[in-house]
There are 2 protein chains.
Amino acid sequence: MARESVTAKRRTPKAPEDRIRARNEATILRAAVELFARKGFDGTRIAEIAEASGLPKANVYYYFETKEAIYATLIERLLKGWDKALEHIRADREPREAIAAYIAAKLDYSRRHGTESRFFANEIMRGGAFLSKAQRRHMQEITRERVDVVDGWVRDGRLRPLDPRHFFMMLWASTQFYADFAEVAAMTLGKPKLDAADYEAARRTVVDVIVAGCLAAESRP
Amino acid sequence: MARESVTAKRRTPKAPEDRIRARNEATILRAAVELFARKGFDGTRIAEIAEASGLPKANVYYYFETKEAIYATLIERLLKGWDKALEHIRADREPREAIAAYIAAKLDYSRRHGTESRFFANEIMRGGAFLSKAQRRHMQEITRERVDVVDGWVRDGRLRPLDPRHFFMMLWASTQFYADFAEVAAMTLGKPKLDAADYEAARRTVVDVIVAGCLAAESRP
DNA sequence: CAGGAACTTGACATTCTGGTCAGGTTTTGG
DNA sequence: CCAAAACCTGACCAGAATGTCAAGTTCCTG
């Protein structure tokens with residue numbers, strides 16, 4: 001049909017982006033990610049998304065064929081950010097710094113994009129039913145590359161012998177936690193909400209423990 | 001009203017438990033926890049729970065007043081397991097062993113009760129709206145006790161200086177991960193499903209890294 | 001500035017959902 | 001074996017959800 005959400009082509013490429021469409025789609029997606037993150041796919045009503053966007057429901061349907069289309073668009077977009085932090089894990093870097101940088105980047109993402117992070121986690125927890133085969137493979141490949149880097153460090157004797165895949169999951173878990181379970185984290189700290197200082201303390205703790213825990217004995221200070 | 005779900009009293013205490021009621025409630029809860037874990041509270045239809053239980057919808061309503069009642073019953077039950085693993089963290093134990101035992105227990109729980117674990121995580125991710133004030137306080141207190149133990153170890157110089165609360169979250173995150181994101185874990189390992197050996201490898205990696213990462217230099221081997 | 005494309009939206013049709021209920025069947029204690 | 005309690009369930013309801021539409025309004029381009 002004529003308009004196909006983000007990838008639609010209008011009669012003339014015209015402006016850098018169709019301002020109205022771009023603005024409204026952005027508004028809808030912003031509202032949707034929040035709701036999906038909190039109530040899941042099945043639990044989110046289109047009427048809620050519309051209300052949260054300040055648009056009439058029919059207008060939401062004008063921009064997105066179905067609820068699935070909104071969800072899929074978000075997945076697609078989020079997936080692009082997936083590998084971002086992983087880029088810190090490079091063979092030519094010192095393990096200590098690379099790992100510290102990864103943790104810092106991931107925690108920063110958790111802080112700045114908590115909602116998106118939660119949305120994505122939610123999708124994964126449901127078994128990633130919305131992920132296409134290609135998307136799955138992409139994630140797997142990206143991860144494998146970095147696993148190989150860590151494995152190289154282990155073989156070089158720069159890291160103590162450990163299973164790089166499980167090590168990776170520790171990194172992911174420890175940082176993702178601060179987005180997904182920000183509530184628990186705040187509760188544990190006895191605060192209503194996490195602030196920048198809390199994230200800094202988290203970073204320090206995670207980096208300290210993990211770096212000290214994975215470096216080979218001879219490279220430890 | 002007459003029947004009040006689990007705590008109802010029948011005319012005679014009779015059998016060790018009302019077999020019919022006990023069996024059906026258990027069936028319903030088993031089906032419900034699975035669905036809630038996967039689709040959240042709002043996303044789960046009572047009709048689905050009924051179908052998954054193999055009972056007519058009206059029968060589900062016979063045992064539980066509302067959907068909330070089912071959910072609340074599950075929360076209540078799950079909360080009892082919350083502190084279980086934490087009991088390993090005792091001041092009179094050697095930190096190394098206590099922490100290793102905690103990790104092993106938590107991972108074991110993740111493996112054996114993945115669904116419940118996911119259900120609980122889901123609830124927390126949504127901000128724990130269903131947790132009562134008392135339940136929240138309970139969790140906070142339980143955590144605080146154990147935080148104090150870890151803090152004691154730090155002050156004794158048995159653990160390197162670290163924020164015990166963030167350290168705790170690392171423990172929680174690294175173990176919870178294997179329940180909530182079993183799918184990602186399996187994907188990362190390139191398997192369809194995690195088996196016992198995978199959990200053992202996870203345990204070893206997490207214990208190795210965290211123990212080595214938190215022990216004070218002088219107590220390290 | 002005209003005309004077509006893009007956008008907007010109230011109202012509607014259809015399907016679902018949580019929850020109720022009345023009238024049945026089975027269990028159980030005595 | 002018999003009443004009373006416990007259990008079962010098809011049918012039903014009111015409100016809500018999704019998705020459609022046709023009749024408009026606004027925007028852009030030639």
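Definition to start with: helices are DSSP runs of H or I with at least four residues, strands are runs of E with at least two, and both are numbered from the N terminus. Housekeeping next: I'm working on a predicted model, where local features need pLDDT of at least 70, side-chain atom pairs count only at pLDDT 80 or more, and totals for chains, interfaces and linings use all residues. Residues are numbered from 1 along each chain as its sequence is written, chains are lettered from A and ligands numbered from 1 in the order in which they are written, and side-chain values use heavy atoms, with hydrogens and water left out.

**Entry: A:Asp198.** I found A:Asp198 in helix H10 (residues 196–214) of chain A. Buried or exposed? A:Asp198 counts as buried, because its relative accessibility is 9%; the cut-offs are under 20% relative accessible area for buried, over 50% for exposed, and partly exposed in between, with a 1.4 Å probe and protein chains only. Leaving aside neighbours within four places in sequence, A:Asp198 touches A:Leu189, A:Lys191, A:Lys193 and, from chain B, B:His166. I also checked A:Tyr178, 20 residues away along the chain: its C-alpha atom is 10.0 Å from that of A:Asp198.

**Entry: chain A overall.** I get 10 helices and zero strands in chain A. The C-alpha trace spans about 65 × 40 × 35 Å along its principal axes. Of the 221 residues in chain A, 54% are buried. Taking contacts between residues at least 6 apart in sequence, I see 66% joining residues at least 24 apart.

**Entry: H1 against H1.** How do H1(A) and H1(B) pack? Helix H1 (residues 19–43) of chain A and helix H1 (residues 19–43) of chain B pack at about 95°, with axes 7 Å apart; axes are lines fitted to C-alpha atoms, for helices over the stretch in contact, and angles run from 0 to 180 degrees between N-to-C directions. So H1(A) is roughly perpendicular to H1(B), a label for angles of 65 to 115 degrees. On the chain A side I noted A:Lys39, A:Asp42 and A:Gly43, which meet B:Lys39, B:Asp42 and B:Gly43.

**Entry: UniProt record.** An unreviewed UniProt entry puts "domain: HTH tetR-type" at residues 22–82 of chain A. I find that span 87% helix and 0% strand, its end C-alpha atoms 23 Å apart.

Note on methods. Angles under 35 degrees count as roughly parallel, over 145 as roughly antiparallel, 65 to 115 as roughly perpendicular and the rest as oblique. Contact means heavy atoms within 4.5 Å. UniProt positions are given in the numbering used here, feature names are shortened, and annotations may be inferred rather than shown by experiment.
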